[in-house]
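The sequence and structure come first, and the notes follow.

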Amino acid sequence: YAFQTYTEVEVVSGQRTTLDAQLSGESLGEVVVEYERPMIQRDAIGAPRVMSGAEMQGRRTPGIAAQRSAAPMSAPAAVGGVMRQQTTRPGGLYPPPTDREGYATIEEAGFKRVTDSPLSTFSIDVDRASYSNVRRFLTDGRLPVVDAVRVEEMVNAFDYGLEGPGRRDQHPFAVSAEITDAPWAPQHRLARISLQGRRIDTEDLPPANLVFLIDVSGSMSAPDKLPLLQRAFRLLVREMRPQDRMALVVYAGASGLVLPPTDGTEKARILEAIDNLRAGGSTAGAAGLRLAYQTAREHFDPHATNRVILATDGDFNVGVSSDAEMQRLVEEERESGVFLSVLGFGTGNVQDAKMETLADHGNGNYAYIDGIREAERVFVREFGGTLFAIAKDVKIQVEFNPAEVAGYRLIGYEN
């Protein structure tokens with residue numbers, strides 16, 4: 001909007017005064033509007049309807065739907081021979097099952113006496129997958145699985161507007177500290193130590209040499225998996241610069257290179273390859289991972305950020321599949337300078353523990369994409385912070401003064 005000011009306007013009681021405003025024209029570039037349509041329209045199919053006995057007798061639809069509606073919605077359902085209580089969403093809709101989702105056990109750390117252990121040492125990363133995953137549970141009308149809640153990732157999900165190092169400062173990040181009463185235990189003090197990395201404008205970032213490893217197995221056919229992934233990648237492609245390159249490797253029953261490294265000037269070619277992806281087959285994740293690393297090494301650029309980005313629901317069931325074997329594979333490959341990031345998608349099959357392990361040992365990040373808005377945050381707004389590293393293998397050590405602090409415990413970073 002443009003502002004215009006009119007002076008010396010004569011206003012006469014009982015009469016209308018007309019002012020002529022001249023509008024100026026502005027030329028806009030491409031404007032893309034993304035709308036995330038809910039997978040379930042509750043106003044269309046979730047609205048309750050009361051029917052009389054006569055109406056019910058007159059209907060000739062005795063199939064499975066009628067049998068389900070005849071039983072109370074809170075009746076226990078038999079799954080795999082085990083009776084369990086089903087919970088429902090508003091409107092009587094069952095939330096997606098999470099039986100096959102895998103999470104690492106989290107055991108909260110207890111208090112340590114400062115006189116015995118004055119140093120608290122822990123590694124640092126900026127994974128945020130837990131926040132969007134927990135949000136997915138809550139949006140579905142359920143409490144999250146206990147081990148899905150990683151406190152440090154909930155805290156790291158927000159931008160606190162912290163000051164980073166100045167332009168002339170040689171340090172890669174700035175440190176700030178805050179202390180207050182613990183809300184759940186006022187007799188204790190709660191301290192937060194924050195690190196803010198150097199902020200770099202997108203145009204000043206080094207070139208990105210990215211190899212996307214995309215799971216196109218049968219389990220990825222759900223709307224919140226491969227179709228959402230394709231929409232997310234379109235956002236990234238629009239942000240690519242001429243110096244950036246992208247390759248696409250897919251894996252299902254077998255793995256293959258569907259798009260060789262292609263620079264950012266050929267967006268139409270990249271988008272066509274993404275749109276042609278289809279889900280089907282079993283999951284040979286290890287073979288695909290090796291091919292992705294091979295592609296990244298063959299086109300390695302020492303002046304660029306070289307990274308494999310795995311997009312999957314986390315289910316590897318053909319070939320090398322154990323967490324330990326996959327971990328050793330990414331540890332060997334990271335020595336070449338190619339890092340690994342992981343993007344999780346979907347419901348019911350999320351192998352959270354496996355995806356976090358791969359990202360941590362591949363010197364990369366782990367994010368969970370629960371919708372197009374989260375994809376926009378990861379691929380557009382925080383593109384630089386997600387892909388470009390200012391430091392690696394970082395550990396933080398906090399020393400407590402026994403004259404001031406009796407004991408402490410670390411909140412988050414249990415694993």
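In this predicted model, Phe122 has a relative accessible area of 18%. Because the limit for buried is under 20%, Phe122 counts as buried. Tyr413, with a relative accessible area of 22%, is partly exposed.

The structure holds 5 aromatic pairs. Phe122 and Tyr413 make up one of them, with ring centres 5.4 Å apart and an angle of 35° between the planes, and this pair is tilted. Phe122 belongs to strand β4 (residues 119-123), while Tyr413 sits in the segment after β14 (407-408), so the pair links parts of the chain that lie 291 residues apart in sequence.

The rings of Phe233 and Phe379 also pair, and because their planes stand at 80°, with the centres 5.7 Å apart, this pair is edge-to-face. Phe233 is in helix α6 (residues 226-239) and Phe379 is in helix α11 (residues 372-381), so parts that are 146 residues apart in sequence are tied together here. Both Phe233 and Phe379 are buried. Together with Phe212, Phe233 and Phe379 form one aromatic cluster.

The two pairs described above are set out in the table.

| Pair | Centre to centre | Angle between planes | Geometry |
|---|---|---|---|
| Phe122 and Tyr413 | 5.4 Å | 35° | tilted |
| Phe233 and Phe379 | 5.7 Å | 80° | edge-to-face |

Another buried residue is Asp352, which has a relative accessible area of 1%. Asp352 is found in helix α10 (residues 352-361). Which residues does Asp352 touch, not counting those up to four places away in sequence? They are Gly102, Tyr103, Asn133, Arg150 and Tyr366. With Tyr366 there is also a polar contact, made between the side chain of Asp352 and the side chain of Tyr366 at 2.9 Å.

The surface is the last topic. A nonpolar patch of about 600 Å² is made there by Val149, Val151, Val155, Phe158, Tyr160, Trp184 and Ile411. Phe158, one of these residues, is located in the loop between α5 (151-155) and β5 (173-182). Is Phe158 buried or partly exposed? Its relative accessible area is 45%, so Phe158 is partly exposed. Patch residues need over 30% relative accessible area, and the 45% of Phe158 is given above.

How values were computed. Residues numbered from 1 in each chain as written. Predicted model: local features only at pLDDT ≥ 70, side-chain atom pairs only at ≥ 80, totals over all residues. Heavy atoms only, no water. Patch = residues over 30% accessible without salt bridge, like charges linked within 9 Å, V, L, I, M, F, W, Y side chains within 5 Å. Areas by Shrake-Rupley, 256 points an atom, 1.4 Å probe, with all protein chains shown as cover. Salt bridge = Lys/Arg side-chain N within 4 Å of Asp/Glu carboxyl O. Helix = DSSP H or I, 4+ residues; strand = E, 2+ residues; numbered from the N terminus. Buried < 20%, exposed > 50% of the residue type's maximum accessible area, 1.4 Å probe, protein only. Polar contact = N/O pair within 3.5 Å; in protein donor to acceptor, adjacent residues only side chain to side chain. Contact = heavy atoms within 4.5 Å. Phe/Tyr/Trp six-rings, centres within 6.5 Å; stacked < 30°, edge-to-face > 60°.
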